[in-house]
Amino acid sequence: MTNLVKLNIFEALDLLKKSEITATELVSAHIKQMAACSNLNAYITETTDLALENAKISDQKYLSGKQRKLEGIPIGMKDLFCTNNIKTTAGSKMLENFIPTYESTVSQNLADNGSITLGKTNMDEFAMGSANITSHFGDCLNPWKDESGNHTVPGGSSGGSSAAVASFMAMGATGSDTGGSVRQPAAFTGTVGIKPTYGRCSRYGMVAFASSLDQAGIFARSVEDAALMLECAMGFDPKDSTSIKAEVPNLKGVSNQSVSNMKIGIPRDMMQMEGISAEILNMWEESIDKLRSEGAEIVDIRLPMAKYALPTYYVIAPAEASSNLARYDGVRYGHRAAGNFTSLDEMYEATRSEGFGEEVKRRIMIGTYVLSSGFKDAYYRKAQKIRRLMLNNFNEAFKEVDSIMLPSAPSAAFGFDQKDVDPVQMYLNDIFTIPASLAGLPAMSVPASMHKGLPLGMQIVGRALDEYNVLKVAASIERCTNIDFTPKGY
């Protein structure tokens, strides 16, 4: 029989429709793979029994000819999407025993289209990190190893989702992207990752980090698969005040479309930024040649405010995090420190000290500082002004081009021996992804090259609500990249 875990989503759907395989067989194969790859620590909570029950329902749907778009497809769910009666931790001790009584809109949309959740995937605590090394439930390993045979980091914060897809423990997975937490892990694991326009996917039921930046995203092993999953996840939601009331585009077949006569912008000024490795610059130039060979017109553009993206993000995001995470006080839900406290403040202090990890505490403190009296104008309001100027840069560029191409990360995945580096050095991993996040634009990472046995990803950024062209350009790069992005041993 075909190795079921190696199928892509469209191949599996075709075999299911023809009754050549069953959903139960497909789910069972992935459960077996989860057991075989448990050392990666990609899942925090496994829901395999429930998955098998849902597989039986999918089998009945196929027998009656009432199958839905993703019927029987096993996926991973990042552990910040609230799932009804299933533990949702956000990778934190603060929520290690939290069981929601409601379902996030994104997870519900995917389930309504027939997908089957295998479990909740590991992540950096409250989505704060670039390597999946801040999770209360332990580091997640990338199935890709360095030249010495050591595991690398899978990227963050959605490292569990990217590792699960890369190691064939799921056919696709959800992620969340605040400053690059879908695109950077996709680049590190040789998978496809897309963040839609801010507001395309509902934030209802997502554990909040930075509300004006958080957006659900998708991981898959092909652009075509990602397009289908994204189409199923998107949609207006009256429960989310930032949800966009726009028609969900039909993304089927987008990966077969030509980019001939499209204008692709290249921000040459960003090529001069510090910290970019030579292999990333080489991949960038190679990808330009690939698109040119496909008939696209390459146009040099400038994004002058992009150099301020990192400090701008690390003012705005921590400010919003300090506000959002104030709700975890040990009174209403979540962790509460044990002890005989003499005041409410003493209980708050003990609970938050125990419940939050070091990176979360660091960002709360930064956020509290930039919002404090005397500093709000100097930091927070100024950052918001720069954010507006950054969006203006993109809008000006899109008067000349259809999409913009730049790398997803400044280097390949790095080793765990670098986990104790200066936090600022860790923040630099998002240098290419943050500009699109601040502007709320759709952006996607697609595997485009290899360096010393590790995958590298290119990023495509599009106009607001133009996921279609983002996917189309990414598919063009995918077609021209004749590389098998399967980790050794998998």
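What radius of gyration would a compact globule with 490 residues have, and what radius of gyration does the protein chain have? A compact globule of 490 residues would have a radius of gyration near 23 Å, and the protein chain agrees with this at 21 Å; the radius is taken over C-alpha atoms, and the globule rule is 2.2 Å times the number of residues to the power 0.38. The model is predicted, with local features requiring pLDDT of at least 70 and side-chain atom pairs counting only at pLDDT 80 or more, whereas totals for chains, interfaces and linings use all residues. Residues are numbered from 1 along each chain as its sequence is written, and side-chain values use heavy atoms, with hydrogens and water left out.

Along the principal axes, the C-alpha atoms fill a box of roughly 65 × 55 × 50 Å. The chain contains 15 helices and 11 strands, defined as DSSP runs numbered from the N terminus (helices H or I, at least four residues; strands E, at least two). Of the 490 residues, 61% count as buried; buried denotes under 20% relative accessible area, exposed over 50%, and partly exposed the range in between (1.4 Å probe, protein chains only). Among contacts (heavy atoms within 4.5 Å) with a separation of 6 or more, 76% involve residues 24 or more positions apart.

Ile280 is placed in helix α8, which spans residues 278–293, and is buried, with a relative accessible area of 1%. Apart from neighbours within four places in sequence, Ile280 is in contact with Pro407, Ala409, Pro410, Ser411 and Leu456. The C-alpha atoms of Ile280 and Glu147 are separated by 18 Å, the two residues being 133 apart along the chain.

Aromatic pairs were assigned to rings of Phe, Tyr and Trp (its six-membered ring) with centres within 6.5 Å; planes under 30 degrees apart count as stacked, over 60 as edge-to-face and the rest as tilted. By this rule the count is 13. The pair of Tyr102 and Tyr204 is tilted, because the ring centres lie 6.1 Å apart with the planes at 50°. Tyr102 lies in the loop between β2 (74–78) and α4 (105–112) and Tyr204 in the loop between β5 (192–195) and β6 (215–220), so the pair ties together parts 102 residues apart in sequence. Tyr102 is partly exposed at 33% relative accessible area, as is Tyr204 at 28%. Tyr328 and Tyr333 form an edge-to-face pair, at 5.9 Å centre to centre and 85° between the planes. Tyr328 is buried at 4% relative accessibility, whereas Tyr333 is partly exposed at 31%. One aromatic cluster is formed by Phe98, Phe126, Tyr328, Tyr333 and Phe356.
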